[in-house]
Amino acid sequence: MSDPVPPIVDASGALTAIAERFDLGGPVRGIEPLGQGNVNDTYLVRLGEPARPAAVLQRVNTGVFSSPELVMANLVAFSDHVARRLLEPPRELEGRRWVVPRVFQARADGRPWVWEGSSFWRALGYVERAQSLERIGHSGHAREVGFGLGMFHRLISDLPADHLADTLEGFHITPSYLRQFDQVIAQLGTSPDPELSDCLTFVEQRRSLVPVLEQAKAAGILRERPIHGDPKINNVMLDLEGDQAVALVDLDTVKPGLVHYDIGDCLRSACNPLGEDIADWRAVHFDVSLCEALLGGYGSVASSFLTPADYDHIAVAIRLISFELGLRFLTDHLAGDLYFKTRYRGHNLLRARVQFRLTESIEEQEAAIEAVVAAIR
Ligand code: GN1
Ligand code: MG
């Protein structure tokens, strides 16, 4: 029996018309919203008979990515590099599948994007027979998510960082987020809502944490490399059979950076079993046993390129990137919700509280986290 044809949610046909401007290999049979991105608009495109998921169509948020053509140039440079690397795959991929989503070209000019008015669109291959998780179910998942990030880093560890453009200036540069926070506070004119005072105190108490990675980078202790930029748990695709990691998706933020941004971001999302959008933020905690499993998976592929100084900065990166995301959400709340998409006023504040509570939980378990990092060296 064939699958029922999914409804086209695109009643006006506008999305279908955009999708059909790409050379997808057949007529569009369905389009529906995909995922819960906070920045871009993402849709799943179905093709064929019976209709099957085939492409991911995205409107890139040009308020965030002001040079979307450079985002695509990075993506193409990344994909070409990994395709070459996979001609002789690392031994850790033996008996495994690893997918680099393809980049579709526009029919009209062969470019990997389409402008429609002021909207910038691109279409990428759908990773078949795989799923992403919103929450980690068990330590086997965590290990695979870590393996996926490690393999991603491994496959680009020899792509020179200067082959990629900086498409999002200041991204994961924590001191620049603190400057933005200070500016927004200064511009408020009035004293912020007293309900926020605990959040403001939280930030004040962590000013000395803020420059730790950037100082190590400036001193030449840590080195920039190509990174994913946004490897939160739902950007790691796991095989439907066997749960093995097969791909990382959401590649707009592939650009030069520190692997620590990625390690911190992956752990802050994967080891927060309640998720980043939970109303009961007081219940949020960081699960060290998931962290252990994830770092075990990461370390199984990353040992070939991590330096001793890299290991030295992993534990602090977990704390810093959780704090940084809380600071970004709080700043956006104070600025009037300009950056992250929100569903209601106060959404960014709640998200900030979740990340701050997670940071606290990481601080409470610092010694255990240090021990877990020491175990993968
Ligand atoms: C944004 O849109 P999404 O969910 O892929 C953000 C990440 C944050 C994340 C938090 C370009 O990613 O840095 O960690 O929200 N992406 C950008 O959920 O700012
Ligand atoms: Mg993203």
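A polar contact is a pair of N or O atoms within 3.5 Å; within protein, one must be able to donate a hydrogen and the other to accept it, and residues adjacent in sequence count only if both atoms are side-chain atoms. With that in hand, I went to the ligand.

**Ground rules.** I am reading a predicted model, where local features need pLDDT of at least 70, side-chain atom pairs count only at pLDDT 80 or more, and totals for chains, interfaces and linings use all residues. Residues are numbered from 1 along each chain as its sequence is written, chains are lettered from A and ligands numbered from 1 in the order in which they are written, and side-chain values use heavy atoms, with hydrogens and water left out.

**Entry 1: contacts.** I found an oxygen atom of ligand 1 at 2.7 Å from an N or O atom in the side chain of Arg 328. For the side chain of Arg 268, the distance from a ligand oxygen to an N or O atom is 3.4 Å. Val 39 uses its backbone: a polar atom there is 3.0 Å from an oxygen of ligand 1.

**Entry 2: cover.** How much of ligand 1 does the protein cover? I noted 96% of the 450 Å² of accessible area that the ligand has on its own (Shrake-Rupley method, 1.4 Å probe).

**Entry 3: a cis bond.** I checked the peptide bond from Glu 49 to Pro 50 and found it cis, with omega near 0 degrees. Pro 50 is in the loop between strand 2 (41-47) and strand 3 (52-60) (strands are DSSP runs of E, at least two residues, numbered from the N terminus).

**Entry 4: a positive phi.** Arg 129 has phi near 55 degrees, though it is not a glycine. I located Arg 129 in the loop between strand 5 (119-125) and strand 6 (130-132). Most residues other than glycine have a negative phi, and most peptide bonds are trans.

Notes:
Helix = DSSP H or I, 4+ residues; strand = E, 2+ residues; numbered from the N terminus.
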